[in-house]
Amino acid sequence: MSLKTLFTAAIQTSRRSLNQKTWANSFHTSSIVRKAEDRKEMLASMPAKDEGTAGEKSIDIDTLLGKKEKFFPDAGLNNQLFNGLPFSDIPIANIRVSPNNTIIVFTDSKGVPRLTHSCGVEGFKNARKGTNIAAQATAITVGSKALELGWKTIRVKVKGLGPGRMSAIKGLQMSGLNIISITDNTPVSWNPPRARKQRSL
């Protein structure tokens, strides 16, 4: 072989390797660019960042206190009208909350039970009965039944401690009922029995 053919073969092999390197580099850089473009598309398609839960309203208490609005009951509350009904004639939703279950009983203004529903009746079993989701689902169901009875405005009385306290109230509101008053009737013992000894782990 002559020197010229060797030189030509060396140039061709170097060109081939150079082409392969540039192709690999362009492939590598194009994949990075494509990843960045995909990320931009994904971020553009995502909804705006939500502030809080949908349907939840936040109230600035300080500005409301400045307006001198009535927040607390007084002597004339029983005769005050809400949607054309005096406060004393508005039906009551009694929510009994425990760590294991949530029971909601609707009574008329005299205290006669009209609707009763609990997380167990709703279909939740065992440990799921004590969850806030179960309490909310139960409240939505019983709230829609109360609307069928023609009750639009209610008072709420909550008794007990458990995960379903706030969720049950929120569920009643989501069902379309207008809540005008929330009363906490949780019994508090001022001289409770001695607590159990601390659990050893």
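Let's start with burial: of the 201 residues in the protein, 21% are buried. Buried means under 20% relative accessible area, exposed means over 50%, and partly exposed is in between, with a 1.4 Å probe and protein chains only.

A word on the source. This is a predicted model, where local features need pLDDT of at least 70, side-chain atom pairs count only at pLDDT 80 or more, and totals for chains, interfaces and linings use all residues. Numbering runs from 1 along each chain as its sequence is written, and side-chain values use heavy atoms, leaving out hydrogens and water.

Now the surface. The protein exposes about 15500 Å². Carbon and sulfur atoms supply 57% of that area. Areas come from the Shrake-Rupley method with a 1.4 Å probe; for residues, only the protein chains shown count as cover.

Next, the elements. The protein has five helices and seven strands. Both are DSSP runs, numbered from the N terminus: helices are H or I with at least four residues, strands are E with at least two. From the N terminus, the order reads α-α-β-β-β-β-β-α-α-β-α-β.

A contact is heavy atoms within 4.5 Å.

On to the sheet. It is open, with five strands in the order β5-β4-β3-β6-β7 and mixed pairing. Two strands pair if DSSP finds at least two bridges between them. From one strand to the next, the twist averages 20°.

Look at the β4 and β5 end. Strand β4, residues 102-107, runs antiparallel to β5, residues 113-118, and five bridges join them. Ile104 has His117 in β5 as its bridge partner. Thr107 stands opposite Pro113. The two strands form a hairpin with five residues between them, and Gly111 in the turn has a positive phi of about 100°. Helix α4 lies across β4 and β5, at about 155° to β5. Such angles run from 0 to 180 degrees between N-to-C directions; axes are lines fitted to C-alpha atoms, for helices over the stretch in contact.

Last, two asparagines. Most residues other than glycine have a negative phi. Asn83 has a positive one, about 55°. Asn83 sits in the loop between β1 and β2, and is exposed at 61% relative accessibility. Asn126 also has a positive phi, about 50°. Its loop runs between α3 and α4. Asn126 is exposed too, at 66%.
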